[in-house]
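I opened my notebook to look up a few things in this structure. Here is what I checked, entry by entry.

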Amino acid sequence: MNATLIDGKVFAASIREKVAAHVARLQAEHGLTPGLAVVLVGEDPASQVYVRNKGQQTKEVGMASFEHRLAAETSEADLLALIARLNADPSVHGILVQLPVPDHIDEAKVINAIAPEKDVDGFHISNVGLLATGQKSMVPCTPLGCLLMLRDTLGSLSGLNAVVVGRSNIVGKPMAQLLLKESCTVTVAHSRTRDLAGLCRSADILVAAVGRPQMIPGDWVKPGATVIDVGINRIPAPEKGEGKTRLVGDVDFAGAAEVAGAITPVPGGVGPMTIACLLANTVTACCRANDLPEPEGLTV
């Protein structure tokens, strides 16, 4: 392996330390405790684990954690009523509804019911528009984490060629907007892009967020490029035993690591940054709500 490993676990821990320091300062100087409300509808096992981790990490940095676990048959009206109460609660600075929601609930309606200033996921249409026009917004957690790691690894990103493989509303599109704001030359590609291999080879920064296991081989990576692998895919691992699986990214890590200048692993790369940036967004939202300076190093 020639590439420098971008260790998301270590970097996320440093973000949480900064968050905890800001929380302590807000409490000591202003009597404020940032509060994060997480809403889970139904009993999806993966979502339950994720919500539990969010609650634990929220408390560990000294913030207030409010969990609302609703039955799968909860009506859309009841969920929207809960969101309205959280919007009006001054002790709640960030609101996150864990996705996916049950099929009988309109996901877009739920997302856009959250007050934009409390939308710490950055999915509200107002925040999407603000980000796209270069204005102050709440930034989606995963792209924010990617950007913070890129800044830490490369310093200035100005003038670099960036290719984002994936066009989702959650990662691909906001990632492209953030890179444009950093003065990169940005191309958004996807599975139907012509000569995707050649395009990837032109990238100084390659962000893979397409959701296909090991889709990008090492010979698609420009020598010395920085590779951010957002993909988390579970594939069979017969070498571990019958029925066993392992996690891989959208990039063939072994091949890419021989060529890239720096690369994130899967697991242990982008994944740990998502919750860390959720905590960072909650602190940012608290500061904005109280007309206080935003925390340095935790936002764009």
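Entry 1, the cavity. I began with the lining of the largest cavity, which is made of Leu96, Val97, Leu99, Val110, Ile111, Ile114, Asp119, Asp121 and Phe123. A cavity here is a set of points on a 1 Å grid over the protein atoms alone where a 1.4 Å probe fits but cannot get out, and lining residues have an atom within 4 Å of a point. I noted the volume of the largest cavity as about 60 Å³. Volume means the space filled by probe spheres set on the points, with grid points joined across faces, edges and corners. The structure holds one cavity of 30 Å³ or more. β4 and α4 (107-113) each give at least two residues to the lining of the largest cavity. Helices (H or I, at least four residues) and strands (E, at least two) are DSSP runs, numbered from the N terminus.

The model is predicted, with local features needing pLDDT of at least 70 and side-chain atom pairs counting only at pLDDT 80 or more, while totals for chains, interfaces and linings use all residues. Residues are numbered from 1 along each chain as its sequence is written, and side-chain values use heavy atoms, with hydrogens and water left out.

How many residues line the largest pocket? I found 42 residues, and Tyr50, Thr142, Ile232, Gly271 and Thr274 lie nearest its centre. The elements giving two or more residues to this lining are α2 (45-60), β4 (94-97), α6 (141-154) and α10 (271-289). α2 gives the most, with seven residues. The volume of the largest pocket is about 1200 Å³. A pocket is an open set with protein on both sides within 12 Å along at least five of seven lines.

UniProt, in an unreviewed entry, places a "binding site" at Gly166, Arg167, Ser168 and Ile232. From this set, Ser168 and Ile232 are in the lining of the largest pocket. UniProt positions follow the numbering used here, feature names are shortened, and annotations may be inferred rather than shown by experiment.

I found Ser168 in the loop between β5 (161-165) and α7 (172-181). Buried means under 20%, exposed over 50%, and partly exposed in between (1.4 Å probe, protein chains only). Leaving out residues up to four places away in sequence, Ser168 touches Lys173 and Pro174. Contact means heavy atoms within 4.5 Å. A polar atom of the Ser168 side chain lies 3.0 Å from the backbone nitrogen of Val171.

Ile232 sits in the loop between β8 (226-229) and β9 (233-236). Ile232 has 57% relative accessibility, so it counts as exposed. Ile232 touches Leu247, Val248 and Val266, again not counting residues up to four places away in sequence.

Glu258 is in the loop between α9 (253-257) and β11 (262-263). Its relative accessible area is 42%, so Glu258 is partly exposed. Beyond its neighbours within four places in sequence, Glu258 is in contact with Met1 and Asn2.

The domain assignment gives domain 1 (31-115) and domain 2 (141-271). Such bounds come from an automatic or database assignment. The centres of domain 1 and domain 2, taken over C-alpha atoms, are 29 Å apart.

Key: A polar contact is a pair of N or O atoms within 3.5 Å; within protein, one must be able to donate a hydrogen and the other to accept it, and residues adjacent in sequence count only if both atoms are side-chain atoms.
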